[in-house]
Amino acid sequence: MSFRQMLNDRRKRRGARAAQALVAARQEPHYAYLGQNTGICRTIYGHKIYVDTRDVSLAPCLIMDGDWEPWITQAIRERLRPGMKCGDLGANFGWYSLLM
């Protein structure tokens with residue numbers, strides 16, 4: 001089974017309950033501007049992360065949605081287990097590091 005097929009199967013299995021929880025989480029306020037081009041936002045997983053408000057790629061997604069590349073995020077969250085060692089090389093905001 002290809003990676004794309006696996007992700008499509010996973011999306012189908014999520015069901016209405018997961019979709020409702022995601023919508024509810026995205027409707028809550030989760031951003032504050034702190035000044036000097038810095039903001040803090042809450043992810044849909046409950047983590048807080050600082051963002052550079054001058055960024056036009058990752059920061060808007062975190063500020064508006066509380067999530068980044070959900071298909072990759074889900075794949076990482078499904079595979080990592082407590083006690084595993086993993087590195088996030090070239091981290092920008094540290095999104096995947098935060099998940100680990």
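Colleague: How many bridges join β2 to β3, and which way do they run?

Modeller: There are 5 bridges between β2 and β3, and the two run antiparallel. Two strands count as paired if DSSP finds at least two bridges between them. The strands are DSSP runs (E, at least two residues) and the helices likewise (H or I, at least four), numbered from the N terminus. This is a predicted model, where local features need pLDDT of at least 70 and side-chain atom pairs count only at pLDDT 80 or more, while totals for chains, interfaces and linings use all residues. Residues are numbered from 1 along each chain as its sequence is written, and side-chain values use heavy atoms, with hydrogens and water left out.

Colleague: Which residue in β3 is the bridge partner of isoleucine 40?

Modeller: Tyrosine 50 is the partner of isoleucine 40.

Colleague: Which residues of β3 are on the covered face and which on the uncovered one?

Modeller: Ile49 and Val51 make up the covered face of β3, and Lys48, Tyr50 and Asp52 the uncovered one. For β2, the covered face holds Gly39 and Cys41, with Thr38, Ile40 and Arg42 on the uncovered face.

Colleague: On to β1. How many bridges join β1 to β2?

Modeller: Strand β1, residues 31-35, is joined to β2 by 4 bridges, and the two run antiparallel. Tyrosine 31 stands opposite cysteine 41 in β2, and glycine 35 stands opposite threonine 38.

Colleague: What is the phi of glutamine 36?

Modeller: Glutamine 36 has a positive phi of about 50°, although it is not a glycine. Glutamine 36 is found in the loop between β1 and β2, in a hairpin with 2 residues between the strands.

Colleague: Is glutamine 36 buried or exposed?

Modeller: Glutamine 36 is exposed, because its relative accessibility is 77%. The scale is relative accessible area: buried is under 20%, exposed is over 50%, and partly exposed lies in between (1.4 Å probe, protein chains only).

Colleague: What about asparagine 37, what phi does that have?

Modeller: Asparagine 37 has a positive phi of about 60°, and it is not a glycine either. Asparagine 37 lies in the loop between β1 and β2 and counts as partly exposed at 30% relative accessibility.

Colleague: New topic. How many salt bridges does the structure hold?

Modeller: The structure holds 2 salt bridges. The rule asks for a side-chain nitrogen of Lys or Arg within 4 Å of a carboxyl oxygen of Asp or Glu.

Colleague: What is the N to O distance for arginine 54 and aspartate 52?

Modeller: The distance in that salt bridge is 3.1 Å. Arginine 54 is exposed at 57% relative accessibility, whereas aspartate 52 is partly exposed at 28%. Asp52 is also one of the residues on the uncovered face of β3.

Colleague: How far apart are the closest N and O atoms of arginine 79 and glutamate 78?

Modeller: Those atoms are 3.8 Å apart, in a salt bridge between arginine 79 and glutamate 78. Arginine 79 counts as partly exposed at 39% relative accessibility, and glutamate 78 counts as partly exposed at 24%.

Colleague: Now the rings. What does the count of aromatic pairs come to?

Modeller: The count comes to 1 aromatic pair. The rings of tyrosine 45 and tryptophan 95 have centres 6.3 Å apart and planes at 45°, so the pair is tilted. Rings of Phe, Tyr and Trp (its six-membered ring) pair if their centres lie within 6.5 Å, and planes under 30 degrees apart are stacked, over 60 edge-to-face, the rest tilted.

Colleague: Where do tyrosine 45 and tryptophan 95 lie?

Modeller: Tyrosine 45 is in the loop between β2 (38-42) and β3 (48-52), and tryptophan 95 is in helix α4 (residues 95-99), so the pair ties together parts that are 50 residues apart in sequence.

Colleague: Tryptophan 95: buried or exposed?

Modeller: Tryptophan 95 counts as buried, at 3% relative accessibility. Tyrosine 45 counts as partly exposed, at 26%.
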